[in-house]
Amino acid sequence: MSTKFKLTFWQIINMNVGFFGIQYSFGLQQSAVNPIYDFLHASPDQIPILNLAGPLTGLLIQPLIGAMSDKTWHPRWGRRKPYFFIGAIICSIALFLFPFSSSLWMAVGLLWILDVGNNTAMEPYRAFIADTLNEEQQPTGFQAQSFFTGFGQFLSYISLFLFPIVFVGYTGELPNWMYASFFLGSVLSITSIWWSMKKTPEIIPSDEELAKLKAEPLNIFSPFIDIYKAVVEMPTVMWQLFLVYLFQWYALMCYWQNNAKSIALSVWNVTPDNKIAYEKAVGWNGLIGAFGFIITFSIAFYLAKFAKKHSAKITHFICLLLGAISFLCFPIVQNQYLFFVVIIGYGIAWASMMGIPYLLVVSNIPKERYGVYMGIINMMIVIPMIIQNISFGYILKHFLNNDPRLAISFAGILLLIGAFCTLLIKTKKIKIVESNE
């Protein structure tokens with residue numbers, strides 16, 4: 001690849017603005033989609049399987065798109081940009097249509113389309129960051145992703161608390177504030193990606209790379225071949241990270257599917273059958289989640305410095321430990337205001353999840369295969385989610401009495417196991433050079 005120039009801090013920020021829109025969309029999936037299912041009369045044990053769209057499309061699409069982008073170059077459109085721009089357009093359309101869901105299965109279908117868009121955008125975007133930044137600046141770039149992840153999800157969660165104050169009443173089965181939240185996401189998804197595309201040029205491949213692209217052009221079979229080869233040749237550290245991810249992402253799915261219902265029971269002793277009271281719990285969960293993401297984007301850049309001093313592995317271990325404590329405390333709190341203390345651990349853990357694991361593996365990945373390996377990392381995320389979607393409904397119904405509070409306690413135990421699995425990772429310490437930007 002051609003020489004990478006050192007970017008200013010604000011150039012790195014502009015490069016990552018697109019994550020704001022993508023993560024607002026993802027925040028709605030965490031915070032608003034499951035309440036929509038509840039409003040459309042889904043039973044608690046149906047919720048996991050109804051969320052299968054996200055991880056399954058991630059498993060199928062992200063590595064394929066990543067591999068395709070590795071073999072793409074257009075003098076005008078670049079290598080990665082065409083993919084995450086198309087993904088943003090799909091997201092915008094799906095977000096606009098989502099609140100018009102008149103039935104449970106319409107909402108499920110739109111979630112599939114929304115996830116296709118998100119997954120088309122995500123891994124080429126991460127590979128774009130790795131392409132553009134040198135090793136010295138990659139930690140800042142990945143933690144900038146974490147910052148905008150927290151900021152985008154903060155806005156999506158806070159909308160669940162603020163919009164009901166402004167947009168009152170119902171249209172069909174759904175409250176009007178749901179429409180406002182999803183319409184805002186539709187606008188942010190495309191405009192934030194457009195901003196990053198406009199502000200950050202892609203690095204032109206070297207003559208040697210262009211010759212290789214011509215010699216091995218993209219075809220219908222090449223992404224599958226590249227994925228197979230990449231998995232066979234995958235660095236050991238990625239297999240070790242996969243063990244962590246098995247527990248980490250299973251736990252997070254349990255939390256996202258049950259947090260609003262847990263608050264409703266713990267604080268107000270209500271279920272989704274009581275629409276008005278449950279709507280209040282959903283809004284309060286949005287406010288608590290928003291505060292957690294304030295913690296996320298406040299601490300994101302500090303974690304890069306902490307990783308330099310104490311290693312990325314120790315940083316992620318501590319953050320997951322704090323997240324596990326959050327989950328274990330979450331279902332036993334009955335005072336709605338104490339949740340602002342409880343959620344701090346989750347906010348810190350999420351900041352690490354969105355950036356630090358990439359520091360563990362990026363120096364072990366061949367630079368010319370960033371796209372396919374970023375897609376494989378996503379496979380490592382979505383496989384535990386798929387396992388959760390398929391298995392947890394049975395566990396919740398037969399072992400946890402369909403109690404969302406017990407579901408989150410279960411998530412806390414899994415996250416604790418994931419934290420200790422982090423200590424098993426063996427990787428070289430990545431040298432992070434302090435920047436005076």
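Student: Which residue meets the side chain of Lys261 in a salt bridge?

Tutor: This is a predicted model, in which local features need pLDDT of at least 70, side-chain atom pairs count only at pLDDT 80 or more, and totals for chains, interfaces and linings use all residues. Residues are numbered from 1 along each chain as its sequence is written, and side-chain values use heavy atoms, leaving out hydrogens and water. A salt bridge is a side-chain nitrogen of Lys or Arg within 4 Å of a carboxyl oxygen of Asp or Glu. At 3.5 Å, N to O, the partner of Lys261 is Asp38.

Student: How many residues apart are Lys261 and Asp38?

Tutor: Lys261 lies in helix H12 (residues 236-268) and Asp38 in helix H3 (residues 33-39); helices are DSSP runs (H or I, at least four residues), numbered from the N terminus. The pair links distant parts of the chain, with a separation of 223 residues.

Student: Is Asp131, the partner of Arg80 in a salt bridge, buried or exposed?

Tutor: The closest N and O atoms of Asp131 and Arg80 are 2.6 Å apart. Buried means under 20% relative accessible area, exposed over 50%, and partly exposed in between (1.4 Å probe, protein chains only). Because its relative accessibility is 5%, Asp131 is buried.

Student: Which residues are linked with Arg80 in a network of salt bridges?

Tutor: Arg80 is in the loop between helix H5 (53-70) and helix H6 (81-97), whereas Asp131 is in helix H7 (residues 104-132). The network joins Arg80 to Asp70 and Asp131.

Key
Helix = DSSP H or I, 4+ residues; strand = E, 2+ residues; numbered from the N terminus.
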